[in-house]
Number of protein chains: 2
Amino acid sequence: MNVLIVHAHNEPGSFCTSMMKAATQELRAQGHEVDVSDLYAMQWKAVADAADFGSRANADYLVYALEQRHGWEAKTLAQDILAEVEKLQRADLVIFNFPIYWFSMPAILKGWVDRVLISGLCYGGMRFYDRGGLKGKKAMLAITIGGQPHMLCEDGIHGELQEMLRPILRGTLGYTGMTVLPPFVAWHVPYIQPGQRGELMEQYRQRLRQIDALQPLRFPSMDHFDAALRPRPAAAPW
Amino acid sequence: MNVLIVHAHNEPGSFCTSMMKAATQELRAQGHEVDVSDLYAMQWKAVADAADFGSRANADYLVYALEQRHGWEAKTLAQDILAEVEKLQRADLVIFNFPIYWFSMPAILKGWVDRVLISGLCYGGMRFYDRGGLKGKKAMLAITIGGQPHMLCEDGIHGELQEMLRPILRGTLGYTGMTVLPPFVAWHVPYIQPGQRGELMEQYRQRLRQIDALQPLRFPSMDHFDAALRPRPAAAPW
């Protein structure tokens, strides 16, 4: 497999950064090719704006998604975006490795999503979910979080973690057609002892040895919706 | 009221930007004070990193939230953060005005959340939800989205919009103790006719005249959880 790890932590000595390094080593030892996009180290530009386009379909009025489509066809997207798109196209598995900020991605990683998952290639023209442009690729989140499992479950104070991650798991990765594996969650990381960190890291390595056996999350099928995206009455629930 | 509008659109001529302008005018006409943070115009720095801190509690190892707390107490946070924190503290109502990108905020706005909602002031030490640091303030999303209501409801292809917005509504605004009003949603904006846009804008103005009458969203109360954040057995469901 070709694996792309998109990593977003602002402390090179963090447990999260160590997870990225451990995954790189573990996956290479398994014989996979591994690319890493270390967004802080790359000083990744997070902001989606007009500077992302070398030529414009409409120079007077910016519709970001339309310019993505145009820039992709005309090959005039900014060089940093094109380099990431190439890595993405090569990847069979994309791992997003990051600390949870506000039950979501740090802005620098959201900026990777906004700028790299380009309209035209990754989705567009009724190509999403099981018809998405990235169909055939797998995606997995590898996250660190301050909370504990009892805070992010059905009767927990924040509700289920996967519900908090819904715009990422379903609305982003599932939407583009990727096969979304269950997130690997390193719980309570800022508060645990070094020995517990070692155990967590070993659990992560174990997870990386079992990628093929993981049961993906389930999302809607376009077959269950009509051309106006209304549910087909006869369709079985997805 | 003092109102802060945090606005994040990369096209000054967009409907979304017009919503920000209409809200500014409408609210001022009602006698309110209005501050606007136009993040693209300000070239807001989206990325949460070491440069945000003039002095460090730990210069060797960056824990962003701990440095926020330290920087807030020591008054050494970056000047752009402090300016926004001041606006936030002054505000009785914060309106987040943005286009939905990937069922979430554009990265530039996520970077406002990551950098401005500082630990120590907005949350921390068991102060969240109804004990959050921003208790007493109201928050409302004013969003534009390409989809239509039938795509973002219970049996819609993407499920309910409010479930997609959960990390923002509950995990961010509710978490900091703000009273979260129902989002104002401008549906299908890229695809509608100018006349329909006019109607939408009038609906938004109407909404802004009824702020006081809106029923806020409901989130957990800390009273229902113990010191380890486990549900109290006797507590009524929130």
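Reader: Through which surface do the copies meet?
Author: The same one, since 100% of the interface residues of chain B are also interface residues in chain A. Contact here means heavy atoms within 4.5 Å.

Reader: What kind of model is this, and how are things numbered?
Author: It is a predicted model: local features need pLDDT of at least 70, side-chain atom pairs count only at pLDDT 80 or more, and totals for chains, interfaces and linings use all residues. Residues are numbered from 1 along each chain as its sequence is written, chains are lettered from A and ligands numbered from 1 in the order in which they are written, and side-chain values use heavy atoms, with hydrogens and water left out.

Reader: What rotation puts chain B on chain A?
Author: A rotation of 180°, with 0.0 Å of shift along its axis. The RMSD is 0.0 Å. That is the relation of a two-fold axis.

Reader: Which residue of chain B comes closest to the axis?
Author: B:Ala107, with its C-alpha at 2.5 Å.

Reader: New topic. How many salt bridges over all chains?
Author: The structure holds 28. Each is a side-chain nitrogen of Lys or Arg within 4 Å of a carboxyl oxygen of Asp or Glu.

Reader: What does A:Asp223 pair with?
Author: A:Arg131, with the closest N and O atoms 2.7 Å apart. The pair links distant parts of the chain, 92 residues apart. A:Asp223 sits in the segment after α7 (194–209), and A:Arg131 in the loop between α4 (107–116) and β4 (138–144) of chain A. Helices (H or I, at least four residues) and strands (E, at least two) are DSSP runs, numbered from the N terminus.

Reader: And B:Glu26, what is its partner?
Author: B:Arg209, at 3.0 Å between the closest N and O atoms. B:Glu26 lies in helix α1 and B:Arg209 in helix α7 of chain B, 183 residues apart.

Reader: Is B:Glu26 buried or exposed?
Author: Buried, with a relative accessible area of 8%. B:Arg209 is partly exposed, at 41%. Buried means under 20% relative accessible area, exposed over 50%, partly exposed in between (1.4 Å probe, protein chains only).

Reader: Where does B:Lys138 come in?
Author: Its side chain meets that of B:Asp212 in a salt bridge, 3.6 Å from N to O. B:Lys138 is in strand β4, and B:Asp212 in the segment after α7 of chain B. B:Asp212 counts as exposed, at 66%.

Reader: Which residues are linked in a network?
Author: A:Lys45, A:Asp49, A:Asp52, A:Asp80 and A:Arg115, through salt bridges.

Notes. Least-squares fit on C-alpha atoms with pLDDT ≥ 70 in both.
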